[in-house]
Amino acid sequence: MGLLSDSSVAAQREVMGAPPVPGGGSDFYRLKPLKLSEKDLLKTIPLGPEGLIKHGVLSNGLTYYVRPNKKPLQRAAMALVVRVGSVAETEEERGVAHICEHLAFNGTENYSNHDLVKFLESIGAEFGACQNAYTSADETVYELLVPIDKPGLLEQACTVFAEFATRVRIAPEDVERERGAVIEEWRQGRDARGRAAEAHWKLMMEG
């Protein structure tokens with residue numbers, strides 16, 4: 001699909017009998033201001049088509065959302081969203097949230113020496129493509145894409161999230177092992193986009 005120039009758009013509008021756009025630009029300039037009240041802004045945003053998404057709160061306070069998808073076939077895309085990120089750190093704690101994210105894959109109470117990664121790979125969840133995580137200013141998210149073509153695989157994947165949520169091991173040797181990777185990711189993020197994002201969040205969180 002090609003893009004139409006402003007002159008082409010104007011010509012089409014003339015043929016169709018539409019009034020000319022002020023300044024000869026696109027239809028964007030014809031949009032009318034939308035008046036929103038505080039009540040409008042506080043309305044709950046729908047999760048999606050009614051009946052498609054099931055959600056609720058477990059007894060431990062965990063909020064869950066479940067949506068069926070036909071593709072990818074026999075796969076479950078899972079995400080554990082922890083509502084805390086780098087904005088909760090003090091100046092002396094910079095990077096703690098990020099390194100905690102890395103340590104989750106390194107070792108927990110029930111898995112050590114990357115055994116958790118090996119377990120996920122053994123059920124068909126390749127590291128990187130099917131198991132990953134990221135840390136932002138206000139959240140830490142763990143993501144898994146696991147096969148569900150055999151009984152028990154989904155339950156096993158849920159136990160992995162339980163490890164991430166409450167049983168991450170933080171030992172001095174683990175921290176030292178992951179330090180280089182975290183520093184390198186930080187260094188790669190010091191480009192123009194990363195510095196702009198940092199300045200944005202600093203401004204947003206002041207006061």
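Predicted model: local features only at pLDDT ≥ 70, side-chain atom pairs only at ≥ 80, totals over all residues.
1. Start with Asp-174 and Arg-169: their side chains make a polar contact of 2.7 Å.

2. Where does Asp-174 sit? Asp-174 is part of helix α6, which covers residues 172-188. Is Asp-174 buried or exposed? Its relative accessibility is 0%, and because buried means under 20%, Asp-174 counts as buried. Leaving out residues up to four places away in sequence, Asp-174 touches Leu-103, Asn-106 and Arg-169.

3. Next, the loop between β2 (63-66) and β3 (75-82), where you'll find Pro-72. The peptide bond running from Lys-71 to Pro-72 is cis, with omega near -5°. Gln-74 lies in the loop between β2 and β3 as well, and Gln-74 has a positive phi of about 55° despite not being a glycine. As for solvent, Gln-74 is partly exposed, at a relative accessible area of 42%.

4. Now the nonpolar core. The largest one has 21 residues, and the members touching the most other members are Leu-120, Tyr-142, Leu-144 and Phe-164. Two or more residues each come from β3, α3 (96-106), α4 (115-122), β5 (140-147) and α5 (153-166). Which element gives the largest share of this core? That's α5, with five residues. As background, nonpolar side chains in soluble globular proteins tend to be buried together.

5. Tyr-142 deserves a click in the viewer. Not counting residues up to four places away in sequence, Tyr-142 has contacts that include Met-78, Ala-79, Leu-80 and Val-82, along with Cys-100, Ala-104, Phe-105, Phe-161 and Phe-164. Glu-101 and Asn-132 are also among the residues that Tyr-142 touches.

6. Finally, the whole chain. The protein chain has seven helices and five strands, in the order α-α-β-β-β-α-α-β-β-α-α-α along the sequence. Of its 207 residues, 23% are buried. Among contacts with a separation of 6 or more, 59% are between residues 24 or more positions apart. The chain exposes about 15600 Å², with carbon and sulfur atoms supplying 57% of that area.

Technical notes: Residues numbered from 1 in each chain as written. Heavy atoms only, no water. Helix = DSSP H or I, 4+ residues; strand = E, 2+ residues; numbered from the N terminus. Buried < 20%, exposed > 50% of the residue type's maximum accessible area, 1.4 Å probe, protein only. Polar contact = N/O pair within 3.5 Å; in protein donor to acceptor, adjacent residues only side chain to side chain. Contact = heavy atoms within 4.5 Å. Core = buried A, V, L, I, M, F, W, Y, C linked by side-chain atoms within 4.5 Å. Areas by Shrake-Rupley, 256 points an atom, 1.4 Å probe, with all protein chains shown as cover.
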